[in-house]
Amino acid sequence: MKKIYFFGLCFVMLCRLAAAQDVNKKTISVNFQQATIEQVVTDLEAKTGYHFYYTQAQFDSLKVTLQLNDKPLEVILNAAFQKTDYHYAIIDQNVFLSKARQVSTSLAPGFFNAQPANAPPANAAVTDYTVETQAKVAEATTENKIYEIGIRTNSIKAGNATLAGYVRNIKTGEAIIGASIYNPDDKLGVSTDQFGYYSLTLPRGRHTLIVKGLGMKDTRRKIILYSDGKLNIEMQEQVTSLKEVTISAEKVANVKSVEMGVNKLDIKSIKQIPTAFGEADVLRVVLTLPGVQSVGEATTGFNVRGGAADQNLVLFNDATIYNPSHFFGFFSAFDPDLVKDIELYKSTIPEKYGGRLSSVLDVTDRDGNKKKFTGSAGIGLLTSRLNIEGPIVKDKTSFIFGGRTTYSDWLLSLLPEAYKHSSASFYDLNLGITHQINDKNTLYLMGYMSQDHFRLNSDTAYAYSNKNANIKWKHNFNNKLYSVLLFGIDHYDYSITSTANPVDGYQLKFGVNQYNGRLDFNYYTNPKNTVDFGISSSFYILNPGNEQPDGAKSLVVPDVVEQQRALENAIYLGDKYDITPKLSLSAGIRYSLYAFLGPQTIDHYAPNLPREPVNVTDSTTYGTNKVINTYGGPELRLSARYNINDDMSLKAAYNSMRQFIHLISNTTAISPTDTYQLSDPNIKPQYGQQVSLGLYRNAMANTIETSVEVYYKTIDNYLDYRSGATLLLQPHMEQQTLNTRGKAYGVEFLIRKTAGKLNGWLSYTYSRTYLQQDDPYAGELINNGGWYPANYDKPNDFNFNGNYRFSHRFSVSLDVTYSTGRPITLPIAKYEYGGSERVYYSDRNAYRIPDYFRTDLSMNIEGNHKVHQLTHNSWSIGVYNLTGRANAYSTFFQEQGGVINGYQLSIFAKPIPFINYNIRF
Amino acid sequence: MIRATRNKIILPGLVLLAGLLICGCQKLYNPKPVKNSPNILVVEGVIDPSADSTIFKLSRTVQVNAKTTVAPELGAIVNAEDDQNGVYPIPEIGNGTYAFPGLRLNITRKYRLRIRTTDGKEYVSNFVPVKITPPIDSVGFTILPDSLQVYVSAHDPTGSTRYYRWSFDETWLFHAFAPSEYISNGYKLVERTIDQQIYFCYASSLSPTIVLATSNKLAHDVIYQNPLTLIKGSSEKIEREYSVLVRQYAITADALNYWANMKRNSDQLGSIFAVQPSEITGNIHCTTNAATPVIGYISASTVTSKRVFLGNNSLPRRWQPIYPYSCSIDSIPNSRVQLDLIDIPVSEFTLSYYGNVFNPLGYTATERECADCTIRGTTVQPSFWVYR
């Protein structure tokens, strides 16, 4: 820092001398043999009368061997320092020698925000020490230092230059995603991508950049931008108990970004929300966001803006997770110790993503610590977790590993005799490896595996498992262009085994494999324009069911439903363009092409008749990988933002999506044994469109964010099941399902306080979702073809999430949820049949269960904040469902002893206390 | 055993599991009564082509919270018809029951049912083939830790049955809480005669659950130990002697689907992953107005049956019956007997005395439901009762 002042002072003085500065005409002769700098300087000072300034220590390795006659001083110095890292500068009678950096003989242009100085050029271009050719990019860690970017020139050219680089955590070297780099003078800003990479185009000249990141200390960097260059920024973690609710790091993003309906949460805000068993749960938190609903408590399936649960693309480090839940849905499949943040796209879905109608939930794990080995562990009532991370090669390669398991069997053993012999267990394993090959190339490797087993009454055993792996290669072509190449495999399977009846013993297996390849490009063409484009391809192999006899006495005939194969390709192009500072537009198009492939036998149905076995006229058998039929079409992703003023903006968006894989379920909640189906000639892909409009306003210095969004959405070709459908081991799914269309609309209000001791959010949503059977060949229409509310149609939905920080070590969170009861089908009449009372049901979803209300409370207690201690501890203690309200999960009517009774089932009907102990090392 | 719905039968257990994990959280729920409850015709019965009786029950649906479920449909005209224009009337024998002793039909033809109700509407079922039901191989019992599983096994060597439905009637001998040896003749207490014994009774019930199975996924048409009913070890049904009559019906795949849906709607709902209820239409329709719903599935088949008996001597001794009423025995001195006879006519005098056999000081007594088995059964031994 002193150095800067020193140089600054020098510059001020030297500026005045600049006019007198002249090229020295005097010539001298020298003859050095392995001369030290002292010898050289003494000789030259004697011959020229100039005075030399240098730091001896910097020059102790220099040996000069040179013989020249009658040459000017400049030529001699040029020759002496040729091919070395030494530089010189001559001002008047003074010579400044330096190593690595050349002393500039003029004040940096724009230093006083003045016009570029008209000083005559003293030297050729100063070596650019940030230019890409150099091995190491400057790590800008200091706030007050001025970093010069690009090839330095004495006068700053007009126009723009692009600055790019990574934002990283200074302690762990981990990339910081979604950090904002913002230039307040020009109101230009960007946020870092999933790799922590940013590219910002600014007018050349001097700037102060404000850098903000989730859970990071705000920082700033002073730069002088000469030309395109790189700047890596390291940020410090905020060392407080920090249970601050931060939905977005960019406090202005709410108003300034073009995206609509995007919610981002980091793990810290996820961890402060109380859950039933005390372990932070990613999916449970998603449910508190406006526009997200679920059918009930023990479900991890969620519904976004009236979409079905299978219309969400759940991405975990770019891998598709088919079943994101454990243990009957009481836990989500994501290890909270590894998750860094989540992002939910409800409206503006980036053109990069496709294949699902409603939303994209992007869950990202941290990178491993690049500097040292660390770890953490957590102990809860039902689960324990452990994670370890650290460098494999320091600052280059790191790994992160996490594992989680349950020991719930002790709880099951407390159950009555009939359930005592039940068991349930799960585990999941995560591995992430990041390898920085060089400044331009980085490799990311991830592996994930989860496994669930459960068995009730020692009769039938169930198991399901996710397995995912992928490798990503990120390549920076230059500051403005980078690409990411991905290859990955996603796998999901389940099995059901029963040997209770020896004659009937069977094992049933379901499995789906998805092979992915993707190439994405990101091109920052100019400050107003960012283009992204790419291609992706997924190959599906789906085994819908394979039943085999289990046990020697079993008479079960093997039953294998034909494998389904399909290829889904897409190409996309998107452009974000700032038309004026106030008006921005983002337009994207994605073209998907889907091919259903053999081997397969396809039934043909008589035209205009219900798809029933009797109406099958013919069938065709296709060979392996033969294209049976294709579907395809464009998907548009448009959004626009207009800033009414600095604190307020208006946004509008239109989206269309296509979906080729369907989850077929006739249960209320997603069950672990629901089956998937690929689109084929008889089952059309789903198509969805959404328009939305929003008003965003920030108040109180951006600490309070408010927004109102309205949307209207239509869904075509959603597959609903026929009454009394058989879905498992079903070779003719088209005979069991009906094409349904849906419409959904709603308005979402959100108020969020992001800073201060009290923070949190309040959201209210009014929304409706209706379905209608419009299948002309359905035969039997649900509710006679009228519109009926979907299972998850809950018009009023209110959520409050608040956190008050009493001190750095103690904070309290409160969570309040209210929603209208979900629709159900109720009995409207009863009769006697088959020896008992039976009930006659109303039209589908004609009635509602009682309204839902729940309050949760949790306290987070941190250990002391001494930096140097072996372990850091924290406790979270709380009560789930504080008021003990017995919220109805479902109501049902059951015959018992020949009489029908109505029952109400609640999952958490009492207050559930929880405690969790976490340790970090 | 209904293999087609396997993914749903998982989970009635899950409810309880989830429930018990956290709390006992299943409670009674009585929604507000529905306005305009529909009044739908319900048709139940099987066209029996043999010499056995063909019986149809016609009734109407009632409000869900109505006290009684019985709303018989009277005065309808019911005919079985074959696909060769043959008509076989099934006359009303009273109270909504329509029966004919033995239709003796040609089993190569297809049959349907036609009903004309007094409100002028006509209902016709689809033609169904006649299924010949194979005999029941066995009805047996499996002793579980605290309950008794009753099962049925059957097979069809021709492999043409594949879809099975069973109904069963249970009859059992049980006793009251305390024996009653005396009875009042209006003036004084006298010993009961054999005809007046009210300690041992027979009770019976019809199967309330729908029992279905299919062997269509098995290599042979075999049903092995398909569960019929589960009796708790503490049930009075098996405290002495128990008998079950199982009826077997061969049905079509379509009929099985209908019955399975009805079963699902009445006893497999409510768990976390349970199927949502839905109505499916049977094979009978209103021809007068297609929009008029009607409940029922008409099958044509013969019926086979089997009766078995079980005595409590083959059951675990630790199984003790739990009496359904809370009972105690009072002592009543002679001085109060007259008074009690008048004032507490429900009292039954149970044990003869306390004091001296020849000179009783008084009697012991208990409530009527604790001594009189006839309020829940009959002392008349059923004609089929052969066990001993």
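## Surroundings of B:Trp259

Leaving aside neighbours within four places in sequence, B:Trp259 is in contact with B:Arg165, B:Ile210, B:Leu212 and B:Tyr297; two residues are in contact if their C-beta atoms, placed from the backbone, lie within 7 Å. The model is a predicted one, in which local features need pLDDT of at least 70 and side-chain atom pairs count only at pLDDT 80 or more, while totals for chains, interfaces and linings use all residues. Residues are numbered from 1 along each chain as its sequence is written, and chains are lettered from A and ligands numbered from 1 in the order in which they are written.

## Nonpolar cores

B:Trp259 belongs to the largest nonpolar core, which has 107 residues; together with B:Val43, B:Val152, B:Tyr164, B:Leu212, B:Leu228 and B:Val246, B:Trp259 touches the most other members. A nonpolar core is a set of buried Ala, Val, Leu, Ile, Met, Phe, Trp, Tyr and Cys residues joined through C-beta atoms within 7 Å. A residue is buried if 20 or more other C-beta atoms lie within 10 Å of its own, exposed if 12 or fewer, and partly exposed in between, with C-beta atoms placed from the backbone.

Strand E13 of chain B (residues 163-175) contributes the largest share of this core, seven residues. Helices (H or I, at least four residues) and strands (E, at least two) are DSSP runs, numbered from the N terminus. Another core, of 68 residues, lies apart from the largest one and includes A:Tyr444, A:Ala566, A:Phe596 and A:Leu719.

## Chain A: overall description

Chain A comprises nine helices and 58 strands, and 48% of its 921 residues count as buried. The average pLDDT of chain A is 82, and 87% of the residues score at least 70; pLDDT is the predictor's confidence in each residue, from 0 to 100. Over residues 1-24 of chain A the pLDDT is below 50, and this stretch has 19 contacts beyond near neighbours in sequence.

## Local backbone features

In chain A, the peptide bond from A:Gly598 to A:Pro599 is cis, with omega near 5 degrees. A:Pro599 is found in the loop between strands E36 (583-597) and E37 (600-605).

Although not a glycine, A:Leu729 has a positive phi of about 50 degrees. A:Leu729 is placed in the loop between strands E44 (704-721) and E45 (737-753) of chain A, and counts as buried because 20 other C-beta atoms lie within 10 Å. B:Gln225, likewise not a glycine, has a positive phi of about 50 degrees. B:Gln225 lies in strand E18 (residues 222-232) of chain B and is partly exposed, with 17 C-beta neighbours inside 10 Å.
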